[in-house]
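Here's a quick briefing to read alongside the model. Have the sequence and the 3D view open as you go.

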Amino acid sequence: PEIDSVFAANDFVVGNLECPATSIVSPINKRFIFRGEPDWLQTLYEHGITHLNLANNHSMDQGRRGLADTESQIRKHGMIPLGYGTTIAESIEPQLLAETPRKVYLITSLRVPSENWEYLDSVPCVSESSIATIESQIDSLKCLDSKCFVIVMLHWGVEHVEVPSHYQVRDAHRLVAAGADCIVGHHPHCLQTVENYNGVPIYYSIGNFIFDQ
């Protein structure tokens, strides 16, 4: 059944869901394979999570069926999936998070290599947008509404390393130059540097919230 939102229109909390949440067991061939029970999503909803990002390197651990079912389960439990689509174009579409007092958009992308997973169009996939594509999307949003706020969420970096790599810094600065208003990263599983670059906060890695490995 559909679950009515208990939050005000402009309240949103975005989490990165680092596993498929599905009862489908169809693991792909890789070293670390994750899966969560779909019923666990109810707890995330009850604690205020409104959006769940799937653009990471574990969302596809149970194959395309498991990925598609995860998207369905997130919606079933009253939340909105991000970075997912049945086509590449759908997966990379910016998400409107709020409309007042100004529009807030989120763009998300997997920026580390996935294992034994092909980035194919017209099948369930997660966003693997290039930095150039994200730059173009930011430019388009700002041309439509110069006052809109654009958050970029990237799954990137090197695991268990507490400083961002050269490419993270380079790409973050490119995105700020393109008009990004905030950049939030994850994947290293530890906190990395927070930088204020030309007035824009860059959280290179926010570490883990719940990670029961």
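Is Asn198 buried or exposed? Asn198 counts as exposed, because its relative accessibility is 66% (buried is under 20% relative accessible area, exposed over 50%, partly exposed in between, with a 1.4 Å probe and protein chains only). Keep in mind that this is a predicted model, where local features need pLDDT of at least 70, side-chain atom pairs count only at pLDDT 80 or more, and totals for chains, interfaces and linings use all residues. Residues are numbered from 1 along each chain as its sequence is written, and side-chain values use heavy atoms, with hydrogens and water left out.

**The sheet**
- Six strands make an open sheet with mixed pairing, in the order E5-E6-E8-E9-E11-E10 (strands are DSSP E runs of at least two residues, helices H or I runs of at least four, numbered from the N terminus; two strands pair if DSSP finds at least two bridges between them).
- The edges belong to strand E5 (95-98) and strand E10 (194-197), each with a single partner strand, so one side of each has no neighbour in the sheet.
- On average, neighbouring strands are turned by 20° against each other, direction ignored (axes are lines fitted to C-alpha atoms, for helices over the stretch in contact, and angles run from 0 to 180 degrees between N-to-C directions).
- Strand E6 (residues 104-110) runs parallel to E8, and 7 bridges join them; Val104 sits opposite Phe149 in E8.

**Helices on the sheet**
- Helix H4 (residues 131-144) packs on the sheet and touches E6 and E8, with its direction at about 165° to that of E8 (contact means heavy atoms within 4.5 Å).
- H5 lies across E8, strand E9 (182-186), E10 and strand E11 (200-203), and runs at about 150° to E11.

- Thr100 and Pro101 are joined by a cis peptide bond with omega of about 0°; Pro101 lies in the loop between E5 and E6.
- Asn116 isn't a glycine, yet it has a positive phi of about 50°. Asn116 lies in the loop between E6 and strand E7 (125-126), and counts as exposed at 56% relative accessibility.
- Back to Asn198: its phi is also positive, near 55°, in a residue other than glycine, and it lies in the loop between E10 and E11.

**One more loop residue**
- Val158 is found in the loop between strand E8 (149-155) and helix H5 (166-178).
- Val158 is partly exposed, with a relative accessible area of 43%.
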